[in-house]
Amino acid sequence: MITFAYSKCNRKLEKGKDKLTRKLELYIRKYYDNTIIRGVILFVAVFLVLFLIISLFEHFTYSGSPVRALIFYGFLLLNGAVFVKMILLPFFRRKGWIRRMSYEEAARRIGAHFPEIGDKLLNTLQLHDMAE
C-alpha cells in the first residue's frame, strides 16, 4: 500500500517536471528566436550604415586601390562578424548543434526578470534533480 502511494506521488512529480521542462524548452526556443530577430535587425542596420558611410567617403575622397581594398575587406569582415555572432551562433544554439542555454540558466533569467518568482523556479529544478 505504501509503495502504491509513493509511485502515485512519484508520477505526479514526474508529470510536473515534464510540464516545467516543456515550458522551459519553449522559453529557450523563444529566447533564441528573439535573439535571431534582433541579430537580423542589427545586421541590416550595420550593413546599411557602413555602406552609406563608405559610399560617402569614397565619393568625396577618390581613394586609391589599396585604400579601397582595405575598406572593402574591412566592410566584409565587420559584417561577417556581426552575421556570425548575432545570427549564426543563436541559430546553431537553437537547433542544439552547439551548447545551448541550460534549464538552470533559463530559470535564473526568468527569476531575474520576474522578481516575484525569484529563486523558486531554480529551487524547483534543483529539487527535481535531487529526487532523481
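Mentor: The protein has four helices and zero strands, so the order of elements from the N terminus is α-α-α-α, with helices taken as DSSP runs. The model is predicted, and what follows should be read as a description of that prediction. Of the 132 residues in the protein, 18% are buried. Among contacts with a separation of 6 or more, 70% are between residues 24 or more positions apart. The accessible surface is about 10,000 Å², and carbon and sulfur atoms hold 69% of that area.

The part to look at is helix H2, which covers residues 65-95. H2 has 31 residues and spans 42 Å from its first C-alpha to its last, close to the 45 Å expected at 1.5 Å a residue. The helix bends by about 35° at Val-84. After H2 comes Gly-96, which has a positive phi, near 85°.

Next, burial. Phe-75, Asn-79, Val-82, Ile-87 and Pro-90 are the buried residues of H2. Phe-75 also takes part in a cluster of rings, where ring pairs link it with Phe-43, Phe-47, Phe-51 and Phe-83. The structure holds ten aromatic pairs. In one of them, Phe-47 and Phe-51 are stacked, with 6.3 Å centre to centre and 5° between the planes. These two residues are four apart in helix H1 (residues 2-61), and therefore about one helical turn separates them. Phe-47 counts as partly exposed because its relative accessibility is 34%; Phe-51 counts as partly exposed because its value is 48%.

Another aromatic pair is formed by Phe-91 and Phe-92. That pair is tilted, at 6.1 Å centre to centre with 50° between the planes. Phe-91 is partly exposed at 34% relative accessibility, and Phe-92 is partly exposed with a relative accessible area of 28%.

Then the charged side chains. The structure holds four salt bridges. One of them joins Arg-94 to Asp-33, with the closest N and O atoms 2.4 Å apart. Arg-94 is in helix H2 and Asp-33 in helix H1, 61 residues apart, and the pair links distant parts of the chain. Both partners fall between the limits for buried and exposed, under 20% and over 50%: Arg-94 is partly exposed at 24% relative accessibility, and Asp-33 is partly exposed at 27%.

A salt bridge also runs from Arg-68 to Glu-58, where the closest N and O atoms are 3.0 Å apart. Because Arg-68 lies in helix H2 and Glu-58 in helix H1, this pair ties together parts that are ten residues apart in sequence. Arg-68 is partly exposed at 43% relative accessibility, and Glu-58 is partly exposed with a relative accessible area of 22%.

Glu-105 is partly exposed, with a relative accessible area of 27%, and Arg-109 is partly exposed at 35%.

How values were computed: Residues numbered from 1 in each chain as written. Predicted model: local features only at pLDDT ≥ 70, side-chain atom pairs only at ≥ 80, totals over all residues. Heavy atoms only, no water. Expected span 1.5 Å × (residues − 1). Bend = angle between axes of the 7 residues up to and from the residue. Buried < 20%, exposed > 50% of the residue type's maximum accessible area, 1.4 Å probe, protein only. Phe/Tyr/Trp six-rings, centres within 6.5 Å; stacked < 30°, edge-to-face > 60°. Contact = heavy atoms within 4.5 Å. Areas by Shrake-Rupley, 256 points an atom, 1.4 Å probe, with all protein chains shown as cover.
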